[in-house]
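Here is a quick tour of a protein model, written to be read with the structure open beside you. Take a look at it before reading on.

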Amino acid sequence: MKRQLILTVSCDTDPDTNPTVRRIHQANEHRPLWQGIEQGIATFRQALMTKVAARLQRIPITWLLRSDRMILEVYDDAAYCFKTFEKIWQAELQSGGELGWHPHLFRWNDAGNSWNAYLDKDDDIEVMEHCLTEFRRHFDVNSVRAGWMHCSNRIMHLFDQHHLKIDVSAIPHSKLAEWWHYDWSGTPPRAYFPSREDYRVTSNEVGKNLQIVELPVLAFRLNPAWHAARFGFKNLKAIYKSDHAFLSWKNTQYRGCLITHSSATFQAAVKQQLSNGSHNSDPIFVNTFFHADELLRTESLTHFINNLNFIDAFANANQLELVATTLTPATGLAKQSIASRG
Ligand SMILES: [Zn+2]
């Protein structure tokens with residue numbers, strides 16, 4: 001049997017820019033904020049039909065729909081992103097796509113008149129639960145990516161308790177300490193069941209892991225010169241700002257790789273992923289993503305197309321069976337892969 005290359009591409013359906021008000025009364029007033037979905041998806045589908053290798057022309061995408069405090073307060077409806085673009089989602093579902101969830105942690109700031117990141121505080125658990133419940137009135141939700149890749153034990157437990165099957169927030173080993181930040185220190189570049197005590201890693205003790213699968217996104221490992229430069233730059237910045245946001249050597253080694261990134265980076269990341277596999281029968285997971293508004297930019301769309309064509313050629317050249325699928329079916333494959341590692 002041929003070794004498999006499992007390709008999962010998901011989309012964070014954020015608005016093109018953040019709303020500049022806390023509440024609006026006429027939903028149509030704010031539709032211009034969602035052109036990535038409204039225009040971008042049609043453009044994307046058209047481009048694929050003429051420019052991409054036959055077997056990836058109808059690639060199923062996992063659309064991770066935004067719902068969180070910002071969406072709830074601005075539109076007074078946690079399911080706004082589903083309802084407003086329902087026709088588009090139904091068409092995507094019909095052609096094998098999947099819908100999931102993409103919550104951010106935002107709070108409105110009266111003084112600054114803006115939506116600001118609200119991280120490391122209460123994780124907005126009740127609002128998050130409400131959003132998920134509202135979505136589930138309309139469609140099955142099994143897959144999720146946290147906004148800004150920002151996770152915590154409470155958030156991972158929330159996902160698990162509500163029977164989400166797969167989270168795709170992790171960037172292996174990475175940590176970022178900006179106004180938005182994440183911490184995936186110690187996270188391996190392969191699927192795992194998160195420990196109840198530390199979402200970033202698995203536990204070897206029986207009963208200590210959650211049921212949800214964490215499938216890290218494709219990451220690009222920097223070469224030693226770039227790695228040293230990035231490590232130095234990030235830590236000099238921490239010294240300059242006196243914010244003690246220091247990063248370890250390992251924390252700065254990997255960068256998340258989007259399918260809209262330049263071909264050189266994407267290709268290197270995929271090749272690295274092949275060498276990450278523990279043995280030759282282990283499937284290779286290429287779990288990558290993009291943002292809806294990137295579909296409006298010619299350059300990003302061109303990278304997307306080139307990267308899909310690269311994957312197709314790469315699978316052929318390496319005699320891999322290319323399986324392009326969505327996140328829920330990939331969960332079963334990820335679990336098999338975890339089991340085979342023992
Ligand atoms: Zn987002």
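First, some ground rules. This is a predicted model, in which local features need pLDDT of at least 70 and side-chain atom pairs count only at pLDDT 80 or more, while totals for chains, interfaces and linings use all residues. Residues are numbered from 1 along each chain as its sequence is written.

**The whole protein**

The protein has 10 helices and 14 strands; these are DSSP runs numbered from the N terminus, with helices being H or I of at least four residues and strands E of at least two. Its C-alpha atoms fill a box of roughly 55 × 50 × 40 Å along the principal axes. The radius of gyration is 20 Å, which agrees with the value near 20 Å for a compact globule of 342 residues. That radius is taken over C-alpha atoms, and the globule rule is 2.2 Å times the number of residues to the power 0.38.

How much of the protein counts as buried? The figure is 43% of the 342 residues. Buried here means that 20 or more other C-beta atoms lie within 10 Å of a residue's own; exposed means 12 or fewer, partly exposed is in between, and the C-beta atoms are placed from the backbone. As for contacts (C-beta atoms, placed from the backbone, within 7 Å), residues 24 or more positions apart account for 73% of those with a separation of 6 or more.

**Two helices**

The expected span below is 1.5 Å times one less than the number of residues.

| Helix | Residues | Length | Span, first to last C-alpha | Expected span |
|---|---|---|---|---|
| H7 | 224-241 | 18 residues | 26 Å | 26 Å |
| H10 | 327-341 | 15 residues | 20 Å | 21 Å |

H7 is hardly covered, with 0 buried residues among its 18. In H10, the buried residues are Leu 327, Ala 330, Thr 331, Ala 334 and Ser 337. Seen down the axis of H10, these buried residues fall within an arc of 130°, so they line one face of the helix; the arc is that of the directions from the helix axis to the C-beta atoms. Ala 339 and Ser 340 are exposed on the other side of H10. Just after this helix, Gly 342 takes a positive phi of about 75°.

**Strands**

Strands pair if DSSP finds at least two bridges between them. S1 (residues 3-13) runs parallel to S13, joined by 8 bridges, and Asp 12 stands opposite His 291 in S13. S13 (residues 284-291) has 7 of its 8 residues buried, so the rest of the structure largely encloses it.

S4 (residues 106-109) and S5 (residues 114-117) pair in the antiparallel sense over 4 bridges, and Asn 109 has Ser 114 as its bridge partner in S5. This hairpin has 4 residues between the strands, and Asn 113 takes a positive phi near 55° there.

Is Ile 71 buried or exposed? Ile 71 is buried, with 25 other C-beta atoms within 10 Å. It sits in helix H2 (residues 69-75) and, leaving aside neighbours within four places in sequence, is in contact with Arg 66, Ala 78, Tyr 80 and Cys 81.

His 138 lies in the loop between helix H5 (125-136) and strand S6 (143-144). His 138 counts as partly exposed, with 14 C-beta neighbours inside 10 Å. Not counting residues up to four places away in sequence, His 138 touches Ala 79 and Phe 82.

Note on methods: Two residues are in contact if their C-beta atoms, placed from the backbone, lie within 7 Å.
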